[in-house]
Amino acid sequence: MLYYRIYVGHVTEKGRKVKRAEARIENIVGRHIEGATIISSTGIWEGQTEPASVIDVFVNPSKANARRVKAISRDLDIELKQEAVMVVTMPDVQVKFTDYE
């Protein structure tokens, strides 16, 4: 399983706060992938703090899933007018789902 972690700020490259950032991020992620966790956070970019989101995506390794994650980061960058979106890739992650019923 591959683990992608995507970091995106809620402030544009021109320093303006992105309106409805969390809803827009949910919409962008949901267009491209069936499952993800979006975490509200605070980021630091060029010495300044800003509201941000961290998006966790676990997928099976495939070219199609790599394209989906790339599309998420591209759309976040363009639609939220970001200077940068960071994507961290962690290969060979062991994931186990538990059900204690």
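Visitor: What phi does Glu 46 take in the hairpin of β2 and β3?

Guide: Glu 46 takes a positive phi near 50°, in a hairpin with two residues between its strands. This is a predicted model, where local features need pLDDT of at least 70 and side-chain atom pairs count only at pLDDT 80 or more, while totals for chains, interfaces and linings use all residues. Residues are numbered from 1 along each chain as its sequence is written, and side-chain values use heavy atoms, with hydrogens and water left out.

Visitor: How do you know that β2 and β3 are joined?

Guide: Two strands pair if DSSP finds at least two bridges between them. Nine bridges join antiparallel β2 and β3, so they pass that test. Strands here are DSSP runs of E, at least two residues long, and helices are runs of H or I, at least four; both are numbered from the N terminus.

Visitor: Why do β2 and β4 stand at the edges?

Guide: The order in this open, antiparallel sheet of four strands is β2-β3-β1-β4. β2 (37–45) and β4 (86–90) each have a single partner strand, so one side of each lacks a neighbour in the sheet.

Visitor: What makes the rings of Tyr 3 and Phe 58 a stacked pair?

Guide: Rings of Phe, Tyr and Trp (its six-membered ring) pair if their centres lie within 6.5 Å; planes under 30 degrees apart are stacked, over 60 edge-to-face, and the rest tilted. Here the centres are 4.4 Å apart and the planes at 5°, so the pair is stacked. A search of the whole structure finds one aromatic pair. Tyr 3 lies in β1 and Phe 58 in β3, so the pair ties together parts 55 residues apart in sequence.
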